[in-house]
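Welcome! Have a look at the picture before you read on.

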Amino acid sequence: MTQDPTITTGEAAPVEPKPPASIRDTDLSCRLPLLFLFANAAVWLLIGSVFALIASIKFHSPYFLADTAGLTYGRVRPASLDALVYGFCLQAGVAVAIWLLARLGRRTLLGGLSLVGGSVFWNLGVTVGFLGILAGDSTGYELFEMPGYSAMFLFLGWVLMAIPALVTFHYRVARPLFPSQWFIVAAVFWFPWIFSTASLLLLFYPVRGVAQSVISWWYGQNLTEVCLGMLGLGTVFFLVPTVTRRPLHSRYLALLAFGVLLLVTGWGGIPNSAPVPAWMPALSQVSNLLNLILILSVALSVWRTRWPAKPTTAAGAVTGNAPADSASSRGLPNDGTCLSFGIFATASFLVAGLMRSFEAWLNPNELLHFTWFSTARTELQVYGFFAAAIFGAAYYMLPRITGLAFSWPRLARAHYWVGLVGLVLIVLPFAVGGILQAIQLGNPAVPFMNTVRLSAHFLRVSTIGELLLLAGHVLFAANIAGLLRQLYRARVVPVYEAATEDLFEVAEGKA
């Protein structure tokens, strides 16, 4: 007797596994939301660069724009730093993170509308906070200067941008996880935790006394070292193996770096000279010492991937780290430039980590924290490491999600060299000048004004570096603008002409 097919037996029917999306489909699904994110990030990058240049000029020309209250150094400097970190770094970092989650998971982007809406709220929050700083409403906490009324927009914007990232990751078709996915998913959760905690304890329900400084140090350390560190390392661990078509040297080293970054690095950041209980600076010193494990793990992973001891095949590279590009996406320009940005970002990460350890352990008079040495380390960590990794990823991914080559591909290489020289002219004078400052400050026979006059020479050199960085950012924005112009002509204009063709024919017939 045959069973009626309409009668259910209680057993679940086998579900056909969803086939993985092609790389081209995943790239195209990310096109419009990520271009929106990158366009806004490029605008904030230019704004932050202009204000950073103004702040640098004010050090050796104090009367420059001195008649305008909103352009004094105490407002211009934090405004430029927040525009760089919140307007560019975090926004562009989210764009790269979502693209990597979609591509590595072999899944088309889910929730693109939420991503665009989150970007709107995020940019609204950055704009309100930026104008609030210039109006004199800064909180006074480093890297957290934007007033409290902008924090709600920023938090809501991040949540809306995080939803598509997590949903796309959850419904990924390729189930095995790559090291880049570890870092990216952790960063997506890490930022709202530290941001909401700092907002509550510093702005809405402020703690008292020296605890405010401790929370501020904790937030700055977790933002620059942990959150941006996870996004940046996730990008580098994808970019270097994919461009070189070699497998990542060791997943175990990547896992070790991930564990140290997640569990140890966030406890640093409190200077030895801080007026807090002694166990806090001691814990920070231990964290900085253990952070050397992270530095060695990252250095060995990237070095052995870029220059392996034994040659590997292209197939091994594909299965070892990430899916390869489809044939239609091969041969796109700037792959060598992307690799250069990735290697430079790794080198900056290592040097910044060594500088932090040097500042914590080899500073007998504990004066480096009050000099330009700390500024040099922050500049190297935020810009030299993270921004360079994002630039490399942007030059790699933007032609692939648009299906178009850059209008001026040589500008990418020019951006690399201009940015490299500019950063060296900022970090090196700050670092050397900071060490000389600490030596003179520790010598009671040296008048303080002599130390100030000595710093002016190094600050003039750093202004040239800021000018070069601005020139590099103009090149980066020009490449993005050229790509958007090509996309408009290739996609929007034909659709508009086809939609209005009948209207023009009717008008010509009546004429």
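Two residues are in contact when they have heavy atoms within 4.5 Å of each other. Keep in mind that this is a predicted model. The chain has 15 helices and 0 strands.

**The chain as a whole**
- Of the 511 residues in the chain, 52% are buried.
- Take the contacts in the chain with a separation of 6 or more: 85% of them are between residues 24 or more positions apart.

**Leu423, a residue in helix α13**
- You can find Leu423 in helix α13, which covers residues 410-441.
- Is Leu423 buried or exposed? Its relative accessibility is 2%, and a residue under 20% counts as buried, so Leu423 is buried.
- Leaving aside residues up to four places away in sequence, Leu423 touches Phe344, Ser348, Glu379, Leu380, Tyr383, Gly384 and Leu469.
- Ala376 is 47 residues from Leu423 in sequence, and their C-alpha atoms are 9.6 Å apart in space.

**Helices α3 and α4, side by side**
- Helix α3 (residues 73-104) packs with helix α4 (residues 112-134) at an angle of about 170°, and their axes are 9 Å apart.
- Angles over 145 degrees count as roughly antiparallel, so that is how α3 and α4 are described.
- On the α3 side, the residues that meet α4 include Tyr86, Leu90 and Val94; on the α4 side, Trp122, Val126 and Phe130 are among those that meet α3.
- The residues of this contact divide into 13 nonpolar, 4 polar and 2 charged.

**Helix α5 and its cover**
- Among the buried residues of α5 are Leu154, Trp158, Met161, Ala165 and Phe169.
- An α-helix has 3.6 residues a turn, so residues three or four places apart point the same way.
- The cover over the buried residues of α5 includes α2 (31-60), α3, α4 and α6 (179-204).

**Ala135, a residue in a loop**
- Ala135 sits in the loop between α4 and α5.
- With a relative accessible area of 57%, Ala135 is exposed.
- Ala135 and Arg75 are 60 residues apart along the chain, and 8.0 Å separates their C-alpha atoms.

Conventions. Residues are numbered from 1 along each chain as its sequence is written. This is a predicted model: local features need pLDDT of at least 70, side-chain atom pairs count only at pLDDT 80 or more; totals for chains, interfaces and linings use all residues. Side-chain values use heavy atoms; hydrogens and water are left out. Helices (H or I, at least four residues) and strands (E, at least two) are DSSP runs, numbered from the N terminus. Buried means under 20% relative accessible area, exposed over 50%, partly exposed in between (1.4 Å probe, protein chains only). Axes are lines fitted to C-alpha atoms, for helices over the stretch in contact, and angles run from 0 to 180 degrees between N-to-C directions. Angles under 35 degrees count as roughly parallel, over 145 as roughly antiparallel, 65 to 115 as roughly perpendicular and the rest as oblique. Ala, Val, Leu, Ile, Met, Phe, Trp, Tyr, Cys and Pro count as nonpolar, Asp, Glu, Lys and Arg as charged, and the others, Gly among them, as polar.
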